[in-house]
Amino acid sequence: MTRRAAITGFPVAHSRSPLIHGYWLKHHGIDGTYDRVAVEPATAETFYRAFAKSGLVGCNVTVPHKEVAAACCDELDDAARAMGAANTLWLDDSGRLMGANTDGLGFLGNLDQQAPGWDARTKSALVLGAGGAARAIVWALASRGVEKVLIANRTLSKAQDLADRFAPVAKAVSWDYLADILGRTDLLVNTTSLGMEGQPPLDLDLSPLPVEALVTDIVYAPLVTPLLQAARDRGHPIVDGLGMLLHQAVPGFERWFGVRPEVDDALRRLVLADLGVSP
Ligand code: ATR
């Protein structure tokens, strides 16, 4: 029987997940589908609570439903529990709804692929931003054993809330002290929307940052953000954000369709072309 999965959220029209999973379904010749299912906020709780009746074997969850989806699951993995948010759901053999959060794994998978050995070189990380993506990345860094994760955000109170969730590894810092902190940073991560097409660039003087420090951005349009370009010009290793989007999709596909897919160059090119972003 055809196995059906989908991206659920509101809106879902912009999601690249159908393209990614569609590529893997075709590549592996699997009898499966991956569609878009728009779930209006007012009906979200009913939808996830009655997921077994949806006809889907599982789904991805995007904004604004990651928290409500987690609350509707019968069981969560460590990441989803720590974040209070799920982006990947599936039904187990007895029909129980299981939830995982793979955003952090996507972040780790991207760095592991593009900058192997980065974790052995990272004692102290600086995360800019304190939204949903930052939450996943702070979890990821802590789970990989990074000793210190500092969080700076325009709204300091949000950085503090996030740091509290992952204390004592995580700590909020004021944006005003970044020059000092950069001098002791091994990994710099931008999770804000600054640098995205149509947004102002992130205005940060990188000169205090040690030249071997790795710089990465979750923004992938443009692929090389002004931050990444400035870092590259100063000789830092850089990793773009596209791989996080691609790698977060891997565990869901494996759950629903039984094959662990690869993030390869052809997939990167396909998604970049669809985004209209030059490689
Ligand atoms: P995501 O799920 O992608 O993390 P989000 O939850 O909306 O998205 O978070 C966006 C992040 O970008 C936040 O940290 C936000 O800062 P605030 O918490 O102060 O809103 C940050 N951000 C967005 N626009 C910004 C700007 N113009 N200057 C600085 N930070 C900005």
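Good morning. I begin with strand 4, residues 75-76, which pairs with strand 6 in the parallel sense over two bridges. Please keep in mind that the structure before you is a predicted model.

Which residue of strand 6 does Leu76 face? Leu76 stands opposite Gly99. Strand 5, residues 88-91, runs antiparallel to strand 6, and four bridges join the two.

Strands 5 and 6 form a hairpin, with five residues between them. Within that turn, Gly95 has a positive phi of about 85 degrees.

Let us now consider the faces of strand 6, which spans residues 97-100. Are its residues buried or exposed? Leu97 and Gly99 lie on one side, Met98 and Ala100 lie on the other, and all four are buried. Both faces of strand 6 are therefore covered, given that buried means under 20% relative accessible area.

I turn next to a pair of helices. Two packed helices are described by the angle between their axes and by the distance between those axes. For helix 1, residues 17-28, and helix 12, residues 265-275, the axes come within 10 Å and cross at roughly 145 degrees. The crossing of helix 1 past helix 12 is right-handed.

Which residues make this contact? Helix 1 contributes Leu19, Ile20, Tyr23 and Trp24. These meet Ala266, Leu267, Leu270, Val271 and Asp274 of helix 12. By class, the contact between helix 1 and helix 12 comprises eight nonpolar residues, no polar residues and one charged residue.

Thank you for your attention.

How values were computed:
Residues numbered from 1 in each chain as written. Predicted model: local features only at pLDDT ≥ 70, side-chain atom pairs only at ≥ 80, totals over all residues. Heavy atoms only, no water. Buried < 20%, exposed > 50% of the residue type's maximum accessible area, 1.4 Å probe, protein only. Pairing = 2+ DSSP bridges. Axes fitted to C-alpha atoms, helices over the stretch in contact; angles between N-to-C directions. Left-handed = near helix turned anticlockwise from the far one by under 90°. Contact = heavy atoms within 4.5 Å. Nonpolar A, V, L, I, M, F, W, Y, C, P; charged D, E, K, R; others polar.
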